[in-house]
Amino acid sequence: MQIQDSSPDEIDSAVLAASQASSAWAQSSAEDRARLLQALADDLQGHRDALVDIADDETSLGPGRLNSELDRTIFQLGGFADHVTAGTAFAASEDAPIAGAPPRGRPHLVRVRVPVGPVAMFSASNFPLAFSVLGGDTASALAAGCPVVVKAHPGHPRLSRYVFEVARSTLGRLEYPQGLLGMVEGAGIDVGVRLVRHPDIAAVAFTGSYRGGIALWEHANSRPRPIPFYGELGSINPVVAMPSALANREEEFAQMLANSMEFGCGQICTSPGVLVLFEDDTADVFESALRDALEAKSLHAMLTPGMKRNFDNGVARLFDTPGVQAVLGSKVVHGDHMLPKPVLAKTSARNFVAQPTLHEEIFGPACLLVRVTSVDEIEDVLRAIGGSLTVTLWGAEAESADAQRITACATRIAGRVLFGGVPTGVSVASSQHHGGPWPASTQPFTTSVGYDAMNRFLRPVTLQSPPAWVLDRKGRPC
């Protein structure tokens, strides 16, 4: 489908409308915000059939996956409605006055949080509903009291427009300002750059490629007034398998990992890209079982031609790297140009550490087996990765010196450490953290999934000796 880039005037108009709605929405009550969020959730539910049909036509993800993703999107909106109703957006801390001079003495201090203002939100390609127009970033920003201008993803333009029109209808029915949610479009970088550099944009939420994210992050930081850029840029999500976990369960674990790689055709930010195995007979059995499980998989088309080209280039780069052996697949592209083949390769820990190209994410159904001979080498591999959304540990359930060492190393490089299971599947919950040290994300102290995502768009302010009328607002900005 031909995508017409939003003009500079259209971008400026969307941001202006958000800016004009910003002050009143920042002052809005918990009830008003929750009312909008729940109404958006209800209206998505009412348009379920049309949404899934359009999404499937544009993405080939299938009705099962898309209905599940729509459930997640509706759940997120409703969850943030409940979260706001509970008062978390207006939470404050207070220190009573103490007579005398600092540091022991102090005036009356109340620390509140204020919405930062209009947020630019970049939709993701791989979650056309849950990380798109009314996805988690939009829900969390609206909950925080910030209008949102969405940069729609060119991989699903018809779906983005349909969801946007549903949202506009919801705003109209509730008689809320249309400027609370705007949308711009464009397949190139110019639209995104103008949006990020607009002086009325106060923060950016981005989920996408490392290259695109870094370009926009640099623009956010080179503005006359730099703004926060919350970017999720990619991750290879290593899985560390101890021999004790695999023994006599090689086929079970191989099928579990193959299913994780298959999900979304590997176009998932938490898809496992590296598997760390000890050099022993158990690993040999597991490798064969994983190869057979992947070979039996029938993958669907990738989301966009550009993503397929990037996957093919990444696979070619992998197999061209010295010291890498092919287990399944090759760098030669076969068959339908949009249908990928699963890829499995292996190398030694020493070679992995020495070859920086092996630390780069291949976005798609590809995994590199890294053979180690000691816990020291496991630590070397994890340190070489440097930053990841997740690290999964198989075989660290029982306390031991080795389990403690590996766990400590995993927590230093990841935002989420799993003790068993697979990294795909990210729950929306208060204790969730979806972020990680660079290059997984630009702001590792924040999360893009879960209810703490709202905190990205709230700035702390201390009120010193506030009068009674200010206190009576109970954390609501003036």
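Close-up 1. A residue counts as exposed when its relative accessible area is over 50%. In this predicted model, Glu 175 has a relative accessibility of 74%, so it counts as exposed. You will find Glu 175 in the loop between helix 6 (157–174) and strand 5 (181–184). Look at its backbone too: Glu 175 is not a glycine, yet its phi is positive, near 60 degrees.

**Close-up 2. Asn 248, in the loop between helix 9 and helix 10.** Here is another residue other than glycine with a positive phi, about 65 degrees for Asn 248. With a relative accessible area of 76%, Asn 248 is exposed. Helix 9 covers residues 243–246.

**Close-up 3. Helix 10 packs against helix 11.** The crossing is right-handed. From helix 10, the residues in contact include Phe 253, Leu 257 and Met 261, while helix 11 contributes Val 285, Phe 286 and Leu 290, among others. By class, this contact has 11 nonpolar, two polar and two charged residues.

**Close-up 4. The largest nonpolar core.** In soluble globular proteins, nonpolar side chains tend to be buried together. The largest such core in this model has 67 residues, and Leu 36, Leu 37, Leu 44, Leu 134, Leu 181 and Phe 457 have the most contacts inside it. Helix 2 (residues 30–46) supplies the largest share, eight residues. Take Leu 44 as a guide: leaving out residues up to four places away in sequence, Leu 44 touches Leu 51, Leu 70, Ile 74 and Leu 134, among others. A second, separate core of 38 residues includes Val 315, Ile 362, Leu 382 and Ala 410.

**Close-up 5. Ser 448 and Pro 439, in the loop between strand 14 and strand 15.** This loop runs between strand 14 (414–419) and strand 15 (458–464). Ser 448 has a relative accessibility of 10%, so it counts as buried. Beyond its neighbours within four places in sequence, Ser 448 is in contact with Phe 131, Asp 137, Glu 232, His 434, Ala 453 and Arg 456. Pro 439 is joined to Trp 438 by a cis peptide bond, with omega about 10 degrees.

**Close-up 6. A cis peptide bond from Pro 102 to Pro 103.** Omega is near 10 degrees for this bond. Pro 103 lies in the loop between strand 1 (93–95) and strand 2 (109–115).

Note on methods
Residues numbered from 1 in each chain as written. Predicted model: local features only at pLDDT ≥ 70, side-chain atom pairs only at ≥ 80, totals over all residues. Heavy atoms only, no water. Helix = DSSP H or I, 4+ residues; strand = E, 2+ residues; numbered from the N terminus. Buried < 20%, exposed > 50% of the residue type's maximum accessible area, 1.4 Å probe, protein only. Contact = heavy atoms within 4.5 Å. Axes fitted to C-alpha atoms, helices over the stretch in contact; angles between N-to-C directions. Left-handed = near helix turned anticlockwise from the far one by under 90°. Nonpolar A, V, L, I, M, F, W, Y, C, P; charged D, E, K, R; others polar. Core = buried A, V, L, I, M, F, W, Y, C linked by side-chain atoms within 4.5 Å.
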